[in-house]
Amino acid sequence: MNQQLKVIRHIFKFHGFRDSLKFALRGIVYLFLYHRNMRLIFMIGVGAILFGLYIHLRAIEVVALSITITLVFVAEIFNTAVELMLDMLSEEYHIKLKLIKDIAAAVVILTCLNAIAIGYILFLRPFLFDF
């Protein structure tokens, strides 16, 4: 019984916060080093935040902008993870694997379209329409 308890504890071993943070940071560093889209999203996101602060967006608008940027990051991270996982499964072409990759890419496109709409509302609309 004692051996079974040790096995169960090993299986359900929780990593400390420091380890979890280290693993997450490794993933972020990997994404920035090897995936151009992540660097591009980061630069556009920082630029949008800085421009928003420059034109004095209200706090709620900065929050909306930050959430939007984060969603684009999350979508790209999700897409990259799906692609890496599927590439690990098979190097051969399979139509279903391609469809899964295309669907994951569609998530990125949808979040980018959302970001463009939010950007229009926050940055262009006040200049075009005085409301």
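We're working with a predicted model, where local features need pLDDT of at least 70, side-chain atom pairs count only at pLDDT 80 or more, and totals for chains, interfaces and linings use all residues. Residues are numbered from 1 along each chain as its sequence is written, and side-chain values use heavy atoms, leaving out hydrogens and water.

**Exercise 1.** Work out whether L50 is buried or exposed.

*Solution.* Start with the cut-offs: buried is under 20% relative accessible area, exposed is over 50%, and partly exposed is in between (1.4 Å probe, protein chains only). L50 has 52% relative accessibility, so it counts as exposed. Now zoom out: 21% of the chain's 131 residues are buried.

**Exercise 2.** Find which secondary structure elements the protein chain has, and in what pattern.

*Solution.* Count first: there are five helices and zero strands. Then read along the sequence, and you get α-α-α-α-α.

**Exercise 3.** Find which helix gives the largest share of the lining of the largest pocket.

*Solution.* Take the helices that each supply at least two lining residues: α3, α4 (59–89) and α5 (95–128). Of these, α5 gives the largest share, with seven residues.

**Exercise 4.** Work out what share of the protein chain's contacts between residues at least 6 apart in sequence join residues at least 24 apart.

*Solution.* A contact means heavy atoms within 4.5 Å. Among contacts between residues at least 6 apart, 62% join residues at least 24 apart.

Notes
Helices (H or I, at least four residues) and strands (E, at least two) are DSSP runs, numbered from the N terminus.
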